[in-house]
Amino acid sequence: MAAVKQGRSELGVALLLLILGGWALIDATQLAAVEGARGPVGPKTVPIAVGILLVVSAVLLAADILRGGRGEQEAGEDVDLSHGSDWKTLGLLVAAFVANVLLIDRLGWPVSGAVLFFGTTFALGSRHLIRNAILSVALSVSTWYLFNLGLGIALPVGILKGIL
Amino acid sequence: MDALSELLNGFATAAHPTNLLYAFVGVLLGTAIGVLPGIGPAMTIALLLPLTYALEPTQAFIMFAGIYYGGMYGGSTTSILLNTPGESASVVTAIEGNKMARKGRAAAALATAAIGSFIAGTIGTLALALVAPGVVKLAIKMGAPDYFAVMVLAFIAVTTVLGSSKIRGLAALAIGLLVGTIGIDPTSGQQRLTLGLPELADGIDVVVVAVGLFAVGEALWIAAHLRRTPAEIISVGAARMTREDWRRSWKPWLRGTAIGFPFGAIPAGGAEIPTFLSYVTEKKLSKHPEEFGQGAIEGVAGPEATNNASAAGGLVPLLTLGIPTTATAAVMLGAFQGYGIQPGTRLLQTQPELVWGLVASLFIGNVILLALNLPLAPMWAKLLRIPRPYLYAGILFFASIGAYAANLSTFDLWLLLVLGALGFGMRRFGLPVVPAIIGIILGPTAEVQLRRALQISDGHISGLTDTWFAKIVYVVILLVLVVPPIVTRLRTREPVKVGD
């Protein structure tokens, strides 16, 4: 049962490869050849070749899956493959990540970075809320100083302008 | 002689107190980050790249030298104390190393890994210094068709050698080549695959690619499958070896070095094959073959030395031809390009201070590594106990800073998320990440060489194969493609014959 399900989602990978290949091929047709260029290789050649390669690998992958081949999920020190993907954790992580992207230019890194770290630790199951909050602020403020003063990279200061 | 005097100049560069400090910081950070579970050498370099933005290229690469060896040693510490490493080159180390640790011999396993890495790294770096000028002399005669052939070999080797499925390797390579094509075509100035987004016109920043595929992809993947009960960690004192351990280790170290360096130097898909080869060799030659699988010290000493020697060997094609053979080397190449430096035949002439400073720093970094790691083993072991929420939150945090700091644009953060999702999907469906990263970074260069070769030949396809060197490389490619399937077929047939 699980193998059938895994096979179906893997066919999705083959479909994605096919779509990517189609994208490369369509994009290539919209390129103009260079006037007076010598040789068969113009700006189109590589996108077409890559597109064909993607389509071929999509077909090969689909054939492999239908013949019973399955991709091997990556193992690791902290990875437990006995249960499926934990979508709730993933959703919270992505939410924290997106919050940082939306906030960084408005509120500045010291705030958005803290939100990012606090949100991701919460998503990953840490419930020491006060400790995590202190840690988050300490990390984001110290990295702001490190980048702005130490490395000369101006991370946005945002609403804390004048305070930091 | 020439190489040696250049190397001495390199030492003069590297021994400058500031540069020594950078090497030291590089080793320390590289080891500390590399020890953390789930973080391999390629991710270590990608995450630490932003720290070098403000540095001069020479100093940045001196720091990289430290991070390179430090990150690798950190990875083997993890695999000895924790087992099941995330990084392919340490897989073999984990077999015997973790068994030794479980028997209370963690200190000896870490010591033989550290000293073996030191010896292999030193000999390997010396070989790099001696071989590189010669390779450059040969490489100067290489034309566009030759380069293109070598790059095709790198693509083929990395897709067919790594991972359990060649089809999935090919798919990963194709995705990488596609991502590498995004941006303005250098010859015609037209936008390719940019979806009309101006931010994509210059292509995707290497830092964003590396951090997205390795750091974000890995963190999301692990987070979705986080072990509910933390893995068992073996505590350890300072790393040290008995006289008996020394006696059993020194030959595997040297043999491992001899196996690792040449494998690293040719585009053959990284350290996976040579470390395995070293393991098998030691098992064959050992006086205690029965100990293999139970924690034989030779099984740690050999593969660890091989791993480091092959890392040193991998710098030969990277520095002389600009061709990366491993993910780590690909990220380094990306870092070079970030500084506007194109590794290749002219690098040794145009940037001798940088190259020889880097090589000398590899020697210095190795010494620092040994000095740090024997006494500090217990501290590194403590790092393994870092609460997992902090570890993976930290990876996402530093990945976000790194990607944002590259261009100070939130667009890169969105891109980081997309690439992270790609990295997650690849891990989920067993597509290896290394062919993708090699495709992204090497693809555009391969296109340039292909165009150049066909312009020279006035469009004749024969222009790709008309040099003897290119012909040899294509024969090698053919062998890489044809021989392994035949061998496996013969192997599977044999028992059938016996059965008849």
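User: How far apart do the C-alpha centres of domain 1 and domain 2 of chain A lie?

Analyst: In this predicted model, chain A is divided into domain 1, residues 2-66, and domain 2, residues 87-160. The distance between the C-alpha centres of these two domains is 38 Å.

User: Is chain A a compact globule or more spread out, and what is its radius of gyration?

Analyst: The secondary structure of chain A comes to five helices and zero strands. For 164 residues the globule rule gives 15 Å, and the value for chain A is well over this, so the chain is more spread out than a compact globule. Its C-alpha atoms fill a box of roughly 60 × 55 × 25 Å along the principal axes. The radius of gyration of chain A is 24 Å.

User: What percentage of the residues in chain A is buried?

Analyst: A residue counts as buried if 20 or more other C-beta atoms lie within 10 Å of its own. Of the 164 residues in chain A, the buried share is 35%.

User: Which helix of chain A has the highest confidence?

Analyst: Chain A averages a pLDDT of 88, and 92% of its residues score at least 70. Confidence is lowest in helix α1 (residues 2-29) of chain A, at a mean of 86. At 96, the highest value in chain A belongs to helix α4 (residues 109-123).

User: What distance separates the end C-alpha atoms of helix α2 of chain B?

Analyst: Helix α2 of chain B covers residues 17-35, which is 19 residues. At 1.5 Å a residue, the helix should span 27 Å. The distance between its end C-alpha atoms agrees with this expectation, at 27 Å.

User: Which helices of chain B are included in what covers the buried residues of α2(B)?

Analyst: The buried residues of α2(B) include B:Asn19, B:Tyr22, B:Ala23 and B:Gly26. Others among them are B:Leu29, B:Ile33 and B:Val35. What covers the buried residues of this helix includes, from chain B, α1 (2-14), α3 (41-48), α4 (57-82) and α14 (352-383).

User: Is B:Ala301 buried or exposed?

Analyst: B:Ala301 lies in helix α11 (residues 298-321) of chain B. Within 10 Å there are 37 other C-beta atoms, and 20 or more is the cut-off for a buried residue. B:Ala301 is therefore buried.

User: Which residues is B:Ala301 in contact with, leaving aside its neighbours within four places in sequence?

Analyst: B:Tyr147 is 154 residues from B:Ala301 in sequence and 36 Å from it in space, C-alpha to C-alpha. A contact requires C-beta atoms within 7 Å. With neighbours within four places left aside, the contacts of B:Ala301 are B:Thr112, B:Gly116, B:Ser249, B:Pro252, B:Trp253 and B:Gly256.

Definitions and conventions: Residues numbered from 1 in each chain as written. Chains lettered and ligands numbered in written order. Predicted model: local features only at pLDDT ≥ 70, side-chain atom pairs only at ≥ 80, totals over all residues. Helix = DSSP H or I, 4+ residues; strand = E, 2+ residues; numbered from the N terminus. Expected span 1.5 Å × (residues − 1). Buried ≥ 20, exposed ≤ 12 C-beta atoms within 10 Å, placed from the backbone. Contact = placed C-beta atoms within 7 Å. pLDDT = per-residue confidence, 0-100. Rg over C-alpha atoms; globule rule 2.2 N^0.38 Å. Domains from an automatic or database assignment.
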